[in-house]
Amino acid sequence: MSAPTGPHDPSLAGVVAEALRAQRAYEEARRTRLGSGAERITRPLGGAFARAVPPEMVRAALGAADRVAGATLSALDHDPSDLAACEAEARRVQAWASGGNAASGFAAGWFGAAGVTADIPATLTLAARNVRATGLAYGVEGLGEEEAAFRLMVLEVATSQADEGRQERLAELNRMAEWLNSPGGRLVLEKGGEWVTEKIVERVARQLGASLAGRKAGQVVPIVGGAVAAVVNASFQTDVSRAARYAYRNRWLMARRMIGGSSTEAQQG
């Protein structure tokens, strides 16, 4: 891949340099400590509880959540060509998503297993809106099947647990970003969009269902589960926000030819 051309504006150069550092940090990062700690508590129940989150339910919830998210987004009130403004808006998205899902989890946790059943669609809806709003923060409206597939891949990266799996998903996400930033690549994706989306939906539904089951297992204990659910939900939305910022920041940089490959690691040296 070609090397980045880099911005000519010195002030922008600093912002871009910080963005590239953030990309590298995400590629090397692990999941949030808060979420990992909560999941150590809930893991003993996770396997049995996974049956309560079948892939079919996740598939249906993902489709509905994405449609609702698209209908409730507000128009941009910042300049999407200003990377610093995009970053600030994306962090505001993370704040309301984490706060809102923590509140819904705390309320649902008072009702044990019944509350979990109600909270999972709410969590998925917030996650879908989180990703779409983050994309909009970077100037990506997200219309079309290929964009829906990209959003699902962002959710998949957010829930990737194993190190090897995470790196593979990151590489796939970045290749998809490259295709979306190429007129020829986008045309191919548009022609095969439904097939691509269905394939990704099936894969993401299974992984997302297993991840949510593991995270939310401790929520089945009434009252105490409210505190656990608030922590787990906030952590989940934080993971989603970080994955979305990485993905759409990468597209912002690619679109302006500030990076030339599918991974920031390719830009070093």
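The side chains of R169 and E168 meet in a salt bridge, at 3.8 Å from N to O; the term denotes a side-chain nitrogen of Lys or Arg within 4 Å of a carboxyl oxygen of Asp or Glu. The model is predicted, so local features need pLDDT of at least 70 and side-chain atom pairs count only at pLDDT 80 or more, while totals for chains, interfaces and linings use all residues. Residues are numbered from 1 along each chain as its sequence is written, and side-chain values use heavy atoms, with hydrogens and water left out.

R169 counts as buried at 16% relative accessibility, whereas E168 is partly exposed at 45%. Here buried means under 20% relative accessible area, exposed over 50%, and partly exposed in between, with a 1.4 Å probe and protein chains only.

What does R169 form with E156? The pair makes a salt bridge, its closest N and O atoms being 3.2 Å apart. E156 lies in helix α6 and R169 in helix α7, residues 163-180, so this pair ties together parts 13 residues apart in sequence. Helices are DSSP runs of H or I, at least four residues, numbered from the N terminus. E156, too, is buried.

R169 also meets E172 in a salt bridge of 3.3 Å, N to O. These two are 3 residues apart in helix α7, about one helical turn, and E172 is buried at 17%. Through shared partners, salt bridges join E156, E168, R169, E172 and R203 into one network.

The protein chain has 10 helices and 0 strands, and of its 269 residues 51% count as buried.
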